[in-house]
Amino acid sequence: MQFHHHGYVSGDPRIQPPAGVGVDRPEELPEEVDVLIVGSGPAGMIAAAQLAQFPGIVTRIIDRRPGRLEVGQADGIQARSVETFQAFGFAGRITEEAYRITEMAFWKPDPENPENIVRAARAPDDPSGISEFPHLIVNQARVLDYFAEAARNAPARLVPDYGYEFITLEVAEEGEYPVAVTLRRSAGEDEGAQRTVRAKYVIGCDGARSKVRESIGLELVGDQANHAWGVMDVLAETDFPDIRTKCAIQSHDGGSILHIPREGNHLFRMYVDLGEVSEDDNGAVRNTTQEEVEARANRIMHPYKLDVKHVCWRSVYEVGHRLAAKFDDVPEELVGIRSPRVFITGDACHTHSAKAGQGMNVSIQDGWNIAWKVAHVLDGRAPEALLDTYSAERQVIAQNLIDFDRQWSSLMAAKPEELSDPTELEDFYVKTAEFPAGLMTQYQPSMIIGAGTHQDLATGFPVGKRFKSNRVTRVCDANPVHLGHHHRADGRWRIYAFADRPAAGEPSKTTDFAEWIVSSPNSPVVAYAPEDGDIDAWFDVKVIYQQDHHGVDLGAVPRAFLPKVGPFSLVDYEKVYAADPADDIFEARGIDRGGALVVVRPDHYVADVLPLDAVDELAAFFAGIFSAAKRPVGS
């Protein structure tokens, strides 16, 4: 973490100096805002935390609740989400308080006595090391707390405006603030009062019954719910031996349980199979009592017993897979003609079962995806065409999730004799581990994703997929670090220069690139960086040498990788890295020894892989994204 380059910091370094709208942030919700976020769930809070890094943008987030969420429904935190937490600065702290999943046990009917269940298999949670981050269980409320802290400590000092209920919105054809949003006070002394807020953009993060979605004429379409589950967070006494291990439990009569230990010990969650729901049920299954759910759980777990002492939270829900046709307010026939003004995220645009542990995780990526793009447009970095990529990217991902969840839910609800193979459930869990971990997302070529023409230069960094970190050595202090962990959610693009064979200072493609990136008028750093900001304000350029750190002379490293930043023009030494001999990144990520450039978006996704000397291609790529006019930081 860097924090002294603007002067000595004696307090909490996670609290950034206020700037722009954060210097004198009005407590009352303004009449006009740049971005109005509706809903303070996972998508809304990460969007707020990202936009709070842009102090020149007036962002507000509203929620009809009177205050913070106290008990969240979601709890599964996949590896991709923990990577994201790292970018926002709290992966370590939330990991310490979370329950870590390292293994899953599979229980099935005893072949000798089918009314009893026996442990049939155990499977490691991440057998292939798809991420350096763990799979966690932690209450959604705590995730929101951490994102709220990140937003509050950011330069814009963003905090939620609780007690406002979204009613409807209208989008005008023109005007600086074309979206008129009608709100009603849902808490406080003026409860019931209505008011109108005008916005440039609205991000709807208001759940499956989204009024934002309704107001732009979209609906969720898909399968009718036909299978019910009782879910409960409980404190209980039991003789079940795997009570602190994640389990899939299948009984002889087809009933099943997905069992998930919770953080803090003692607490655990059970998704208890309540069976098929008839078409004429009309929601009656939702009236299933807690006693009935517990009785069903005991039948499934026989011969083990479950004696619930305290219910912390419970619900009954029906599995349904539904998806909106688009995630913004522009009809398909007008894409590219009219720019979107309203966006929907998370459950507002896709719903599925909870058992795959995807709802909160996918919502987080929705929120981050749209937030940095809106910020780029409002900050003058990119044209409005960038906003079309949100729906194009995330709608496909949501469909893939629904397809996966439909298969997983079916396997969980199947009777043992209905499976094509006795080990089908555990085999599916292991073979598909990368998907639920959130690491199979691969965006297709667009204005922000290259064609991958030079993919062979870095096969371990697939274009369109998230940048998979690897250990390297920071040359200035010989510290072993993960290269990707320095990529914080600050809105910057990353350009990683993986050096060719010559050492630092010797003539090479690396030194030629270094000179070009800081001196050529075609360089994105030169062409687009703000005039009154640091040279790395919008682009973070790093070099990784093939030699170990003893073989890299910092005095010979090109100035492009040792920029002077801050008001005192101090050298930033944390942009020069060397391969770790014990875990060579060039070998681990299939990087050509002739060198390569890896371009990474603000949200961690690899935008392109290029040769070190493909500067014209690099310039052309960013020319298709960035606006040429320079603007002051935070203006």
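Trainee: Which residues of α4 are buried?

Mentor: Buried means under 20% relative accessible area, with exposed over 50% and partly exposed in between, using a 1.4 Å probe and protein chains only. In α4 the buried ones are Q140, A141, V143, L144, Y146, F147, A148, E149, A150, A151 and N153. That makes 11 of the 14 residues, so α4 is largely enclosed by the rest of the structure. Keep in mind that this is a predicted model: local features need pLDDT of at least 70, side-chain atom pairs count only at pLDDT 80 or more, and totals for chains, interfaces and linings use all residues. Residues are numbered from 1 along each chain as its sequence is written, and side-chain values use heavy atoms, leaving out hydrogens and water.

Trainee: What covers the buried residues of α4?

Mentor: Think in contacts, meaning heavy atoms within 4.5 Å. The cover includes α1 (42–51), β3 (76–77), α2 (79–87), α3 (91–97) and α7 (359–378). Those labels are DSSP runs numbered from the N terminus: helices are H or I with at least four residues, strands are E with at least two. Zoom in on F147: leaving aside neighbours within four places in sequence, F147 is in contact with M45, I46, A49, F85, F88, F90 and I364.

Trainee: How do I check the length of α4, and what caps its N-terminal end?

Mentor: The expected span of a helix is 1.5 Å times one less than its number of residues. For α4 (residues 140–153) that gives 20 Å, and the end C-alpha atoms are 20 Å apart, which agrees. The cap is N139, with a side-chain oxygen 2.7 Å from the backbone nitrogen of A141.

Trainee: Which residues have the most contacts inside the largest nonpolar core?

Mentor: A nonpolar core is a set of buried Ala, Val, Leu, Ile, Met, Phe, Trp, Tyr and Cys residues joined through side-chain atoms within 4.5 Å. The largest one has 123 residues, and the ones with the most contacts inside it are F147, W493, F513, I517, F561, L618 and F622. Helix α7 gives this core its largest share, 10 residues. Domain 1 (30–89 + 139–222 + 322–424) and domain 3 (455–624) both contribute residues, so the core lies between them. Those domain bounds come from an automatic or database domain assignment. There's also a second, separate core of 25 residues, including Y443, A458, V463 and V481.

Trainee: And strands? Which strands does β28 pair with?

Mentor: Strands of a sheet pair through backbone hydrogen bonds, either parallel or antiparallel. Here, two strands count as paired if DSSP finds at least two bridges between them. Strand β23 (residues 493–498) pairs with β28 in the antiparallel sense over 5 bridges, and 4 bridges join β28 to β29 (residues 606–610), also antiparallel.

Trainee: Is β28 (residues 596–600) mostly covered or mostly open?

Mentor: Mostly covered: 5 of its 5 residues are buried. A596, V598 and V600 point one way, L597 and V599 the other way. In the hairpin of β28 and β29, 5 residues sit between the strands, and H604 takes a positive phi near 85 degrees.

Trainee: What is the strand order in the open sheet of 3 strands?

Mentor: The order is β3-β7-β4, with antiparallel pairing. The edge strands are β3 and β4 (99–101), each pairing on one side only. Strand β7 (residues 135–137) meets β3 over 2 bridges, with G76 opposite I137.

Conventions: A polar contact is a pair of N or O atoms within 3.5 Å; within protein, one must be able to donate a hydrogen and the other to accept it, and residues adjacent in sequence count only if both atoms are side-chain atoms.
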